[in-house]
Amino acid sequence: RRPDERSDGGPALPYSRVVLRVVLLGDLTVEVDGQGVELPRAWRARLVLGWLALHPGAHPRASVAARFWPDVADVTAKASLRNALWSLRRTVGAGLLATSRERVGLGPSVWVDALAFAELVQAGSLEDAVALCRGELLSGVDDEWVHDVREAHRRRLSHVLETLAARAESAGDRARAVELSRRRAGLDPLDEDAHAALIARLVAAGDTVAALVCFERHRAALRRELGIAPSPATSGLV
């Protein structure tokens, strides 16, 4: 298999000489030359890899060190960054880390699924973009900067799914519209717009039982998490 081909049989990568493949949508995984590699045990090193993958280019070592080790002296933070980079070199190879005395980043022969998703959306290839999304961004990682980029990705994916669902509905494919709407609603149990769209499409498809189940689950989530009820417009759908 060529390094520009997806190991899961999906579409070819957007360029032909990919060496490092970083998957952030779901569990963090890495392939080098088409082969899966074991990630460093240190979680900070994994976070550094994830951040560098999401932020192409060369970054000042001092700022990267301060981002991931903010509560220690600068010299200690820089030493911790050196250790993390040493671990990453053992994982991805020295040639795929673009490092100097002052800067650090990933090399040019890198494919990152989260960045590819954004590029595909920009190009209008929405189905291909959705196919890349196999879980939340950096699933299971609890770090402030991750929360921000994860939420931004969730909002963009939600918009893409609604766009595709509306297209399927217009084409008369109600089953596909419901499938896409279910996936969108599953991104956030508190997203009333997403759940209202799913409920409306279930009703239109004649599945009033499923529509009622969806409504009750959403109502329970709103009450439990926010102490509020669905809007009258959403309640009126069932």
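Trainee: What percentage of the 238 residues of the protein counts as buried?

Mentor: The figure is 42%. Buried means a relative accessible area under 20%, exposed means over 50%, and partly exposed is in between (1.4 Å probe, protein chains only). Keep in mind that this is a predicted model, so local features need a pLDDT of at least 70 and side-chain atom pairs count only at 80 or more, while totals for chains, interfaces and linings use all residues. Residues are numbered from 1 along each chain as its sequence is written, and side-chain values use heavy atoms, with hydrogens and water left out.

Trainee: What is the average pLDDT of the protein?

Mentor: pLDDT is the predictor's confidence in each residue, from 0 to 100, and the protein averages 90, with 92% of the residues scoring at least 70. Watch residues 1-16, though: the pLDDT there is below 50, and the stretch has 29 contacts in the model beyond near neighbours in sequence. Contact here means heavy atoms within 4.5 Å.

Trainee: Why does glutamine 35 count as exposed?

Mentor: Its relative accessibility is 54%, and the cut-off for exposed has been given above. Since 54% passes that cut-off, glutamine 35 counts as exposed. You'll find glutamine 35 in strand β3 (residues 35-36). Helices (H or I, at least four residues) and strands (E, at least two) are DSSP runs, numbered from the N terminus. The protein has ten helices and seven strands.

Trainee: And what makes leucine 106 buried?

Mentor: Leucine 106 has 12% relative accessibility, so it counts as buried. Leucine 106 lies in strand β6 (residues 103-106). Outside four places either way in sequence, leucine 106 touches Leu20, Leu49, Leu52, Ala53, Gly57, Leu96, Leu97 and Ala98. Alanine 58 is 48 residues from leucine 106 in sequence, yet their C-alpha atoms are 7.5 Å apart in space.

Trainee: What is the phi of leucine 138?

Mentor: Phi of leucine 138 is near 50°, a positive value in a residue other than glycine. Leucine 138 is in the loop between α5 (126-131) and α6 (144-170), and with a relative accessible area of 2% leucine 138 is buried. Aspartate 33 also has a positive phi, of about 55°, although it is not a glycine; that one is in the loop between β2 (29-32) and β3.

Trainee: What makes a group of residues a nonpolar core?

Mentor: A nonpolar core is a set of buried Ala, Val, Leu, Ile, Met, Phe, Trp, Tyr and Cys residues joined through side-chain atoms within 4.5 Å. In soluble globular proteins, nonpolar side chains tend to be buried together. Here, the largest nonpolar core has 52 residues, and Leu20, Leu24 and Val48 touch the most other members. Helix α1 (residues 43-54) gives the largest share of this core, eight residues. Apart from it lies another core, of ten residues, among them Ala185, Ala194, Ala211 and Cys214.

Trainee: Which residues is valine 48 in contact with, leaving aside neighbours within four places in sequence?

Mentor: Valine 48 is in contact with Phe68, Trp69, Leu81, Ala84, Leu85 and Leu88.

Trainee: Why are α2 and α3 called roughly perpendicular?

Mentor: Helix α2 (residues 61-68) and helix α3 (residues 74-92) pack at about 95°, with their axes 9 Å apart. Angles under 35 degrees count as roughly parallel, over 145 as roughly antiparallel, 65 to 115 as roughly perpendicular, and the rest as oblique. That makes α2 roughly perpendicular to α3. The axes are lines fitted to C-alpha atoms, for helices over the stretch in contact, and angles run from 0 to 180 degrees between N-to-C directions. On the α2 side the contact is made by Arg61, Ala62, Val64 and Ala65, and on the α3 side by Ala77, Lys78, Leu81, Arg82, Leu85 and Arg89.
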